[in-house]
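Here are some notes from a look through this model, taken point by point.

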Amino acid sequence: MTSVVAHRGFAGVNPENTVGAVRAAADHAALVEVDVVACADGTPVVFHDDRLDDGDGSRGITDGEGAVRNRHPSTVTDAIVLASGETVPTLDRLLAETATPLNVELKRPRAATIRRGTLSPADRAAARERWQPFVDRVLAALDDRRVLASSFCEGALAAVRAESQGVDLAPLCRGFETGRELAARYDADAIHPSLDALRAADPDAVAAARDAGHAINAWTVRTWTEARDAARAGADGVIADYPGLERWLDE
């Protein structure tokens, strides 16, 4: 049975990465995916973009201003998301106010520069050091709560494994072989490829990854045809913007 992960709390129908979105998505997904980034003092907040306003690739989805990494937590958590009345939560608040199983994407530490994909051993060690203080704060907030931690960044995956062997991990990737390499290196439980990466992957490689114990969850799925394609390409789950796509996953 293929499962659904609610992307940012089903961002297609809810104000993304908010407490309200997580609550609304809870009954319609196996996991709710949220993004976690660092404020100026390192506090983990649940947000996706670099900035509260637009610019630098950010979408301007709040009434706040500035780069999250340069803002005090109170400034970030006062920001209203998409005029919904929902504000940006800290990770602590989200965990306190919801009991939903989560997929926590480690998006960005306080450092402005991050590197995605696989790294050389020397670069890997330096990246882990950049990520470690933020990852440690996230893991401390999670305490014993079981989550699936994911990231595009090898430094984040390495930092999680340096602190804990028990946290479930999933590398995010735009190339399936990158995901397989990182999953093997960090004893991951899942691989999260883009839908395009999964469509392009060698079916034997997908089967081998599943045989190795790695669940395959494809992102970001928005339509019934994409859900069907993901399932046909070997996905165990889809990371989706909308509820209701599960009916197409076992066609």
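1. A word on terms before the numbers: a pocket here is an open set of grid points with protein on both sides within 12 Å along at least five of seven lines, and its volume is the space filled by probe spheres set on those points. Bear in mind that this is a predicted model. With that in place, the second largest pocket holds about 160 Å³ of space.

2. Staying with the second largest pocket, what lines it? There are 11 lining residues, and His48, Asp50, Lys107, Arg108 and Arg116 are the ones that lie nearest its centre. Sorted by class, the lining of this second largest pocket comes out as 6 charged, 3 polar and 2 nonpolar residues.

3. On to the largest pocket, which has about 290 Å³ of space. Its lining takes in 20 residues, with His7, Arg8, Lys107, Trp219 and Thr220 lying nearest the centre. Strand S2 (31-38), S6 and strand S10 (215-221) are the elements that give two or more residues to that lining. The largest share belongs to S6, with 3 residues.

4. How many cavities of 30 Å³ or more does the structure hold? The count is 1, and the largest cavity has a volume of about 30 Å³. Its lining is made up of Glu105, Leu106, Lys107, Ile114, Arg116, Ser151, Phe152 and Cys153. Strand S6 (residues 102-108) gives the largest share here, 3 residues.

5. Now the helices. How do the axes of helix H4 (residues 121-142) and helix H5 (residues 154-163) cross? They come within 7 Å, at roughly 60°, so H4 and H5 are oblique to each other. The crossing of H4 past H5 is right-handed. From H4, the contact uses Arg124, Ala127, Arg128, Trp131, Gln132, Val135, Asp136 and Leu139, while H5 brings Glu154, Gly155, Ala156, Ala158, Ala159, Val160, Ala162 and Glu163. Counted by class, the H4 and H5 contact has 9 nonpolar, 5 charged and 2 polar residues.

6. The other pair is helix H6 (residues 176-185) with helix H8 (residues 203-211), whose axes come within 11 Å and cross at roughly 20°. Angles under 35 degrees count as roughly parallel, so that label applies to H6 and H8. Their crossing is left-handed. On the H6 side, Phe176, Glu177 and Arg180 make the contact, meeting Ala205, Val206, Ala208 and Ala209 of H8. That contact divides into 5 nonpolar and 2 charged residues, with no polar ones.

Definitions and conventions:
Residues are numbered from 1 along each chain as its sequence is written. This is a predicted model: local features need pLDDT of at least 70, side-chain atom pairs count only at pLDDT 80 or more; totals for chains, interfaces and linings use all residues. Side-chain values use heavy atoms; hydrogens and water are left out. On a 1 Å grid over the protein atoms alone, a cavity is a set of points where a 1.4 Å probe fits but cannot get out, and a pocket is an open set with protein on both sides within 12 Å along at least five of seven lines; lining residues have an atom within 4 Å of a point. Helices (H or I, at least four residues) and strands (E, at least two) are DSSP runs, numbered from the N terminus. Ala, Val, Leu, Ile, Met, Phe, Trp, Tyr, Cys and Pro count as nonpolar, Asp, Glu, Lys and Arg as charged, and the others, Gly among them, as polar. Axes are lines fitted to C-alpha atoms, for helices over the stretch in contact, and angles run from 0 to 180 degrees between N-to-C directions. Angles under 35 degrees count as roughly parallel, over 145 as roughly antiparallel, 65 to 115 as roughly perpendicular and the rest as oblique. A crossing is left-handed if the near helix is turned anticlockwise from the far one by less than a right angle, and right-handed if clockwise. Contact means heavy atoms within 4.5 Å.
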